[in-house]
Amino acid sequence: MSKLHELEEHIMACWNVTEDLDASVRMLVDTDASNDQVANVLMGMSELYSFRFNELFAKYEKLIAAKHKGEL
C-alpha cells in the first residue's frame with residue numbers, strides 16, 4: 001500500500017464526522033434523549049475526532065518528511 005493511499009484512508013475516516021453529526025441530529029429530533037445523553041455523545045465524538053485528526057496530521061508530517069528525504 002502506498003503512503004499516499006494510507007493518507008487518503010485517514011482523510012476519509014475524518015470525513016465521517018458529517019455522518020456522525022447527522023446521526024446526532026436524528027438522536028435529538030427522533031428520540032427523547034436527555035441533555036446528559038446528548039452531551040456524552042458529543043463529548044465522545046469530540047475525543048474521537050481529535051484522535052483521528054491528530055493521527056491524520058501525524059501521517060501527513062511523515063509523508064512530508066519522506067518527500068524531503070527523497071523517499072517518495
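The model is predicted: local features need pLDDT of at least 70, side-chain atom pairs count only at pLDDT 80 or more, and totals for chains, interfaces and linings use all residues. Residues are numbered from 1 along each chain as its sequence is written, and side-chain values use heavy atoms, with hydrogens and water left out.

Start with the fold. The protein has three helices and zero strands. Helices (H or I, at least four residues) and strands (E, at least two) are DSSP runs, numbered from the N terminus. From that end, the elements run α-α-α. The radius of gyration is 17 Å, well over the 11 Å that the globule rule gives for 72 residues, so the protein is more spread out than a compact globule. That radius is taken over C-alpha atoms, and the rule is 2.2 Å times the number of residues to the power 0.38. Along its principal axes, the C-alpha trace spans about 55 × 15 × 15 Å.

Of the 72 residues, 14% count as buried. Buried means under 20% relative accessible area, exposed over 50%, and partly exposed in between (1.4 Å probe, protein chains only).

Now take the helix pair. The axes of H1 (residues 3-15) and H3 (residues 35-68) come within 9 Å and cross at roughly 160°. That makes H1 roughly antiparallel to H3, a label for angles over 145 degrees. Axes are lines fitted to C-alpha atoms, for helices over the stretch in contact, and angles run from 0 to 180 degrees between N-to-C directions. The H1 side of the contact includes Leu4, Leu7 and Ile11. The H3 side includes Phe53, Leu56 and Leu63. By class, the contact has 11 nonpolar, one polar and five charged residues. Ala, Val, Leu, Ile, Met, Phe, Trp, Tyr, Cys and Pro count as nonpolar, Asp, Glu, Lys and Arg as charged, and the others, Gly among them, as polar.

Lys3 lies in H1. At 38% relative accessibility, Lys3 is partly exposed. Beyond residues up to four places away in sequence, Lys3 touches Leu63, Ala66, Glu71 and Leu72. Lys3 and Ala66 are 63 residues apart in sequence and 9.5 Å apart in space, C-alpha to C-alpha.

Leu21 sits in H2 (residues 17-30). Its relative accessibility is 41%, partly exposed. The C-alpha atoms of Leu21 and Leu42 are separated by 8.6 Å, across 21 residues of chain.

Conventions: Angles under 35 degrees count as roughly parallel, over 145 as roughly antiparallel, 65 to 115 as roughly perpendicular and the rest as oblique. Contact means heavy atoms within 4.5 Å.
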